[in-house]
Structures are given as C-alpha cells and as structure tokens.
Amino acid sequence: MSAATLPGSTQRADRARDAGLAERVFRIRESGIVAVLIVFVAVTTLVRPRFLDASNIQFVLVDTSTFALLALGETMVVISRNVDLSVGSVVGLSAYLSASLFADHPGIPIPVVFLAGLGIGLACGIANGIMVAVGRVPSLVVTLATLYIIRGIAILIVGGNEVDASSLPNAFIDIPKDTILGIPAIAIAVAVVIAIGTYYLRTYRSGRDLYAIGSNPAAARLAGLPVGRRVFTAFAVSGAIAGIAGVLWASQYPTINSTAGTGYELQVVSAVVVGGVAIFGGSGTATGAALGALLLTTINSALYVLGISSFWDQAIWGFLLLVAIALDQTITERLTSALRSRKPGSRPGTRKPRKPGTRRQDSAPCYPEAQGSTGTSHE
C-alpha cells in the first residue's frame, strides 16, 4: 500500500467507526423503548390480568397499525428537519370521502377506494411539499395552516352528515378483524410496510439524503444534494400514507363524520419523537417510530383497563414528548463530543501531520445514521 492511500484509508476507517458508534447508540435507545414497554405491560397485567387477553392484544395491534403507518410518513419528514402537522386532517378527509364512495357507488371494489384515499392524501402532501420545498416557507407554519384548511374543507363537505357501518360492505368492515395465526392481518401488512420503509431509508441514496439534509441543510446544498426535491418527496409520501391511513380508519370505526382523525397529529408526532427520531432532524428510524406508536397505544389501552380517565392520555403523551426531546438533546451532545474527541484534528491547535508532497484530503461530512448500512447502496 502506498503512502498516498493511507490518509483516505484512515478517513474511511474513522467514518466507519463513527457510524458504528452512532448506530449502537440508537439501537440502545430503541431497545430502551422495548424495555419500557415490557415493564409497563408487566405492571398493568399484575394489576389487571385481563390486559393480556387475546382480544385486547388484537385491539392494541389494530389500533397501533394506523398510528405506525402515519409514523412512517412523519418519520421521513422529521428526519429532514421538518414536521407535518396536517396528518390528522388528511386522515379525517380521506376517511369520510373514501367511505362515502361505498354509499354513492354500491359495489365499488375495495382496492379502488384505497386508491382514492391515496390520491386524496397525495394531493394534500403535494400542496404541503410545494409550499415548503419551493416556497421556502417553514413547515411548521405551512402544515399548521393546512391542518385547519383541510379540516375546514372536510367540515364544508361533510356538514352534519355521517357515514355509518350499515352503508359499508362486510368485506371492508372485516379488514381489522381478519387474522393470520391469531395476529391481525392489518398489523402484519403494516409491519411489512414499516420494514420496507426502514430498508429504504438506510440503503437507498434518496433515503440517506434525508438524513444528510436533516443533519445540516446548508452543507447538503453545498454538497450538491437535491434538497428541494427530497423534501418535496417526503411531504408527498407522508400525505399519501395519511390518505391510506384514513381508509383504514374508516374500516375500524362504525361512524365517520367531520371529527374523524381530530388530534392525531399530536399522537403521531409524539410517537415519532418518543421512538427515537430527533425532532431537529438527522437521526432516527421508522422501526423506532413504530415502537413509539405501539408504546403510546399500549398506554392508552392500559389506562382504559385500569379505569383511569382517558383525559390523562394527552397529558402522558405530552410528558413523554418532553422527556424524549430532552433525552435526544443529551444523547446528541454527548455523541458529538465523543466523535470529536476521537478525531486528532478536532481539538484546537492540533492538526494531523502531512507528508511533504502529498495533497490534503478533506473528509466528506459523516452522517452516522444515514451510513448505518454497510451494504451496497442503491440510487
């Protein structure tokens, strides 16, 4: 090996070690969520043994499926240092319009209804993406506005009407009830989608770009990444997923009116952040977000079983959100400090010696979470 190749090899080795350290930290955090979930279930079961009844477990998994699906789309947005607060309104609009198709067009195929819900959500996501990526308006402002705009449109369309279960086909109502080996089929399907989303974010270049954008948007632009296109795509995907989640919501509840999906935005953002996705972007996984959704849904079910008022739900979600943000900030600061202390040239007044006649090779920015995969990347 020649001397000229040593600096590059050292830099690659440093980046690999940094990525390994970051990946271990976030795996530990996701494992912590699982540990908290196990302890919470164990304590609740000791007080109310019926909490682990098969019917209750199926209910929790079905209820989690909608939140986990929404958390996947929200994760893509939050990783890019943005937020989508309009998902609850999109769920409500999609739920009513898709369910009303069965009454207006008897015999319509169920896949067509899902496509309609996807189209409704995609249109809302595209609108958000254009204003954020093209108009450069802060996502918090845009999605807070569209939250109320879409909800207002839903109220104008729905009025005092509602869609009840009697107008829906049995095959549609049975979607949450179908099981495979005792596990709800909808939970299995959503788990597969979450796995695909996790693989995409870790392996494909467009997915890893979201981490780079969230870590440092200015540096991502200087590096030539298509920041606007990636952010636009994230919002479009989040909207499309919210539209599909609205159809699933309609299959679970007997009555769909203008209040459908109200408050879901807080639950989804809480699930994502509690699941380890940094609210300031740049780190986190879809799997962690799904675990966060499972934890919050389990807490909701446990409070019901224990006879505690449901008004405590949002208080607990808010508390967990604050704890997760504080924990994320602490982990980020300590991880950054640890990575800097391992690099010879990171301390003031120190510089790695360079042999005469060799050119200086500046290392590219390392985004640990984005480079967690060691396999071949895809475009």
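**View 1. The salt bridge of the predicted model.** The structure holds one salt bridge, meaning a side-chain nitrogen of Lys or Arg within 4 Å of a carboxyl oxygen of Asp or Glu. Its partners are the side chains of arginine 230 and aspartate 209, at 3.0 Å from N to O. This pair links distant parts of the chain, with arginine 230 in helix α10 and aspartate 209 in helix α8 (residues 205-215), 21 residues apart. Helices (H or I, at least four residues) and strands (E, at least two) are DSSP runs, numbered from the N terminus. Side chains of opposite charge can pair when their charged atoms come close. Arginine 230 counts as buried because its relative accessibility is 16%. Aspartate 209 is buried too, at 6%. Buried means under 20% relative accessible area, exposed over 50%, and partly exposed in between (1.4 Å probe, protein chains only). This is a predicted model: local features need pLDDT of at least 70, side-chain atom pairs count only at pLDDT 80 or more, and totals for chains, interfaces and linings use all residues. Residues are numbered from 1 along each chain as its sequence is written, and side-chain values use heavy atoms, with hydrogens and water left out.

**View 2. Serine 238 in helix α10.** Serine 238 sits in helix α10 (residues 227-252). Its relative accessible area is 2%, so serine 238 is buried. The side chain of serine 238 makes a polar contact with the side chain of aspartate 84, at 3.0 Å. A polar contact is a pair of N or O atoms within 3.5 Å; within protein, one must be able to donate a hydrogen and the other to accept it, and residues adjacent in sequence count only if both atoms are side-chain atoms. Leaving out residues up to four places away in sequence, serine 238 touches Gly73, Glu74, Val77, Asp84 and Val87. Contact means heavy atoms within 4.5 Å.

**View 3. Tyrosine 96 in helix α3.** Tyrosine 96 belongs to helix α3 (residues 87-104). With a relative accessible area of 11%, tyrosine 96 is buried. Neighbours within four places in sequence aside, tyrosine 96 is in contact with Ile157, Val158, Asn161, Glu162, Val163 and Ile256. Tyrosine 96 and isoleucine 157 are 61 residues apart in sequence, but 9.2 Å apart in space, C-alpha to C-alpha.

**View 4. The nonpolar cores.** The largest nonpolar core has 67 residues, and Leu70, Leu168, Phe172 and Ile256 have the most contacts inside it. Such a core is a set of buried Ala, Val, Leu, Ile, Met, Phe, Trp, Tyr and Cys residues joined through side-chain atoms within 4.5 Å. A second, separate core of 17 residues includes Ile33, Ile299, Ala302 and Val305.

**View 5. Helix α11 and the glycine after it.** Helix α11 spans residues 264-274, and ten of its eleven residues are buried. Among them are Tyr264, Glu265, Gln267 and Val268. Just after α11, glycine 276 takes a positive phi of about 105°.

**View 6. A nonpolar surface patch.** Ile180, Leu181, Ile183, Ile188, Val192 and Ile196 make a nonpolar surface patch of about 590 Å². Helix α7 (residues 185-203) gives the most to this patch, with three residues. Isoleucine 180 lies in strand β2 (residues 179-180). Isoleucine 180 counts as partly exposed because its relative accessibility is 47%. Patches are made of residues with over 30% relative accessible area and no salt bridge: like charges are joined within 9 Å, nonpolar side chains (Val, Leu, Ile, Met, Phe, Trp, Tyr) within 5 Å. Accessible areas come from the Shrake-Rupley method with a 1.4 Å probe; for residues, only the protein chains shown count as cover.
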